[in-house]
Amino acid sequence: MEVQIISKEILKPSSSTPQHLRTYKLSVLDQLAPPLYIPIILFYSPASENLCKNSDHLKESFSRTLTHFYPFAGRIKDDFSVDCNDDGAEFIEARVAGDISMVLEQADINQQQQLLPCSPYGKSSKLSTDQVTLAVQVNYFNCGGVAISICIWHAVADASTLATFVNCWAAIARDPNNVIDEVVFDCTTLFPPQDLSSFSLHSFVKEDVSSEIVMKRFLFDGSKVAALRDEVGNGPSLDRPSRFIAVSTLILTAMMTVTRENEAMQINAATIAVDLRRRLKPPVPKQSIGNIFQVTMAKWPESESKELSYNGLAGKLHESIRMMNDDFIRKIHAGGGYFNLLKRTGDEARKGSNLTVFGFSSWCNFPFYETDFGWGKPLWLSPALKLNRVAIFLDTKDGEGIEAWIGLSEEDMVKFEQDPGILTYASFSASI
């Protein structure tokens, strides 16, 4: 597949940001976001009607959208704020020599990353003041299909924010008169910023390390998820697990098996990114931008792992999420408690502790598949991100199943694919 850039420019908001909104304050959750761009690629069928809307229309609607999401057209000023100076976001157009069906059939993450406007991985723990916080690339395939890829710096957005942005852009593209609800919400009173001068997450996200990671897609269709929920729920710890808990339990069990290094000393931990928007009282508006999620962690010694049934492990994961209520969230952020907790965990990892962490992030129920620019909804989407010992979940197009992108070393991935539970419940078919 050959990708040829045909245009590259910086687009600014269609209306200037008022002076009193020129500074966007970062919360501690923004500050603690991994130093990378969150990518998403939306693939549209060549059979879709009105696919030939010209690029000027996309650019105009993109600029209109930036007026509502003005921090995305700004630049990171320091650890505490974004300068909403309307410097603009990057907009790239590319021609792809190849058929879109080839990309969909192969589901190759390395191939997909060629369609991104930039590398997802940060070169340092923070953006320089001249780097964009948002970049878009519109890829036109020879067959007529289109892939729209977006990269947004994690310090200003989580996956829910990304879904909100792309749907608002699509709504304005369909009709410039569409009303966009308020999206900018100051979370610094809920999650006060901290001095992070002695703390960095950069060591956990390195581009050179990503080249050694294999990221593969595993499909769990609706019927397999239903059967898995029945099996995982068969026990005293958890009666009826959600589809996320059920699939996470299966994947986590297989991950622990293939990455086992020191049975006598190892401690296993699962981190889960939990969206806080509906867990706070009053709820934070669903469309609010920024990082309004928090990582929860369940830990247990390796000696206990062998005795854990699916049901017992599911119970641990469920309990770690259940505790994330309004009272707990507010208490742990009082006096910088959440930051101190992550700092201690990071210090342990850097000192070579026996803690092995597996990460889970669910993008399910985020309305990516509703993104209609006027030529129909996406045929498929991909996170196009490689992270070690991490699983990213997305909905299948019918909303019943789960598509899990899982990152492991090449050696561990070979063993993971042969795990009996994975062979029973996951599909390895590459076709979309």
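Reader: Leaving aside neighbours within four places in sequence, what is Ser63 in contact with?
Author: Ser63 is in contact with Leu11, Lys12, Pro13 and Ser14, where contact means heavy atoms within 4.5 Å. This is a predicted model, in which local features need pLDDT of at least 70, side-chain atom pairs count only at pLDDT 80 or more, and totals for chains, interfaces and linings use all residues. Residues are numbered from 1 along each chain as its sequence is written, and side-chain values use heavy atoms, with hydrogens and water left out.

Reader: Thanks! Is Ser63 buried or exposed?
Author: Ser63 is buried, its relative accessible area being 12% (buried is under 20%, exposed over 50%, partly exposed in between, with a 1.4 Å probe and protein chains only).

Reader: And where does Ser63 sit?
Author: In helix H2, residues 55-68; helices are DSSP runs of H or I, at least four residues, numbered from the N terminus.

Reader: Switching to H11, which residues are buried there?
Author: Asp326, Ile329, Ile332 and His333 are buried in H11 (residues 326-333). They lie on the same side of H11, because they cover an arc of only 145° around the axis, taken from the directions from the helix axis to the C-beta atoms.

Terms used: Helix = DSSP H or I, 4+ residues; strand = E, 2+ residues; numbered from the N terminus.
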